[in-house]
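Visitor: Could you take me through this structure feature by feature, giving the general idea before each case?
Guide: Gladly; let us look at the chain first and then work through its parts.

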Amino acid sequence: MDQRTGTASAVETGTSGVRRARAVVLAAAVAALVAKTVIAAVTRGPADVRIFDAFAAAIARVGPLRIYEHPMPQQPVYNHPPLTGWMLLGFDELRQLGIPFGSLIRAPATLADLVSALLVLEILRRRRSLGSATACAVGCALSPVLLATSGHHGNTDSVAVMFAVLAAYLLADRRRPLAAGVAAAVAVGVKLIPVVAVPALLVAAARGGRPVLVRFAAGLTAALAVVWGPAVATVPEGLWHNVLAYEGGSARLWGLVRFADWAGASDGFTEALHADFPLLFVGVCAAAGVWCAWVRPASPAYAVALSTTLLLLLSTASAVQYLAWPVVGLFLFGAVGGWLYSAVAGAAAVVVYAGASAVRWDDWALHLAEAAWLLLAAGIATGLRRVLAEPPPGADGRPPAVVPRAATESAPRSAPTAPVP
């Protein structure tokens, strides 16, 4: 057997392995989707389900733009970006057809989790062994904390994270910077969480050359204008106060605020953490992502993972659904860190949801959340160390992004290279 035949055989074997990995991940993701759908159908969900129901009814009356200035004294502040309003308007129409709103509001996060698991596989198989990539993707699909938050809670956190990771995948792995820019804009149009990852994506695009940066920026700018422009032009003050300047709650349930309160810090210090530090922490998360994109420009998904995982680590706000923020990022870093965090954070979420209220955490939930925070910190540290030690895609035996020209026996010598399926 000559070298060309041997290479073609290796490519065929690798292709069949990728197909099997995709089938395994898809099966796990579909199983999780079915489980979450059943949970959504048989449980009432926390207060957020009913709050979103009220938001949808109000949007049906006043529209997805005027909602930012519409008084709703019996409800919390409507603090969601514009795309969520259009989604809720569509859900209100579907509700008129007899589809339960409780199932509708939990469907987007459930579907986003499936896509995220597939993205984890596609991103990591070019950078690690196929077995490692499959383990990480299956772990993401079956994450206990996503089962609880997406299936039971009903919010858009997982959707926003999925679009941010999709933007990184389109930028680096599919070489479609225009579409990547649109995906990044959609991410922050669903929820503001991924805003910390946008600077890193811009840096990764810039490292790809001026044409890549121009196309990414064009997609990002155009989509931002479409998503945010009407609200900015129509209700700028309401949009600013409700969404952009929203400070979150003052509960002391998670992270730095929780540890400060546990250590007996003064009320003034804890209040300062809530009021004075969030913008600084957002800057730290964005800067960390920019640095990661600079040193690993061919793998912007790692920069997205670092910025979104750090965002929860440093968050001074607390809500059960926030526990979903770092899951995809941790599994991009590695299966062990992702599983440890998912298991403990998932247990915390179950304990909270089993209680009287999702905003009142008992001692068990608080202690589980403390452990989850520590595991999150450890997962970020070990994951970042692994990323920095990882060779670029296609180097040192890693799965290449393209098949060598000589790999296909029947192809002429002048034929263009073909991407790995």
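**Reading the features**

Guide: Pro278 has its place in helix H14 (residues 278-295), where helices (H or I, at least four residues) and strands (E, at least two) are DSSP runs numbered from the N terminus. This is a predicted model, in which local features need pLDDT of at least 70 and side-chain atom pairs count only at pLDDT 80 or more, while totals for chains, interfaces and linings use all residues. Residues are numbered from 1 along each chain as its sequence is written, and side-chain values use heavy atoms, with hydrogens and water left out.

Visitor: Is Pro278 buried, exposed or partly exposed, and which residues is Pro278 in contact with, leaving aside its neighbours within four places in sequence?

Guide: Buried means under 20% relative accessible area, exposed over 50%, and partly exposed in between (1.4 Å probe, protein chains only). Pro278 counts as partly exposed because its relative accessibility is 25%. Contact means heavy atoms within 4.5 Å, and Pro278, leaving aside neighbours within four places in sequence, is in contact with Leu273 and Thr316. The C-alpha atoms of Pro278 and Leu314, which are 36 residues apart along the chain, are separated by 8.2 Å.

Visitor: How many helices and strands does the protein chain have, and what percentage of its residues count as buried?

Guide: The protein chain has 18 helices and 0 strands, and 51% of its 421 residues count as buried. Among contacts between residues at least 6 apart in sequence, 74% join residues at least 24 apart.

Visitor: Which residues have the most contacts inside the largest nonpolar core?

Guide: In soluble globular proteins, nonpolar side chains tend to be buried together. A nonpolar core is a set of buried Ala, Val, Leu, Ile, Met, Phe, Trp, Tyr and Cys residues joined through side-chain atoms within 4.5 Å. The largest one here has 122 residues, and those with the most contacts inside it are Leu88, Leu332 and Tyr341. Helix H7 (residues 157-172) gives the most to this core, with 12 residues. Residues that Tyr341 touches, not counting those up to four places away in sequence, include Leu312, Leu323, Ala372 and Leu376.

Visitor: Why does Ser307 count as buried, and what does its side chain reach?

Guide: Ser307, which is found in helix H15 (residues 300-314), counts as buried because its relative accessibility is 0%. The side chain of Ser307 reaches the backbone oxygen of Val304 at 3.1 Å. Not counting residues up to four places away in sequence, Ser307 touches Val196, Ala197, Cys285 and Gly289.

Visitor: Where is Thr156 found, and is Thr156 buried or exposed?

Guide: Thr156 is found in the loop between H6 and H7, and with a relative accessible area of 1% Thr156 is buried. Thr156 touches Thr84, Met87, Val190 and Lys191, not counting residues up to four places away in sequence.

Visitor: What is the phi of Arg175, and where does Arg175 lie?

Guide: Most residues other than glycine have a negative phi, and most peptide bonds are trans. Phi of Arg175 is near 55°, a positive value in a residue other than glycine. Arg175 lies in the loop between H7 and helix H8 (177-190), and Arg175 is exposed, with a relative accessible area of 56%.

Definitions and conventions:
Polar contact = N/O pair within 3.5 Å; in protein donor to acceptor, adjacent residues only side chain to side chain.
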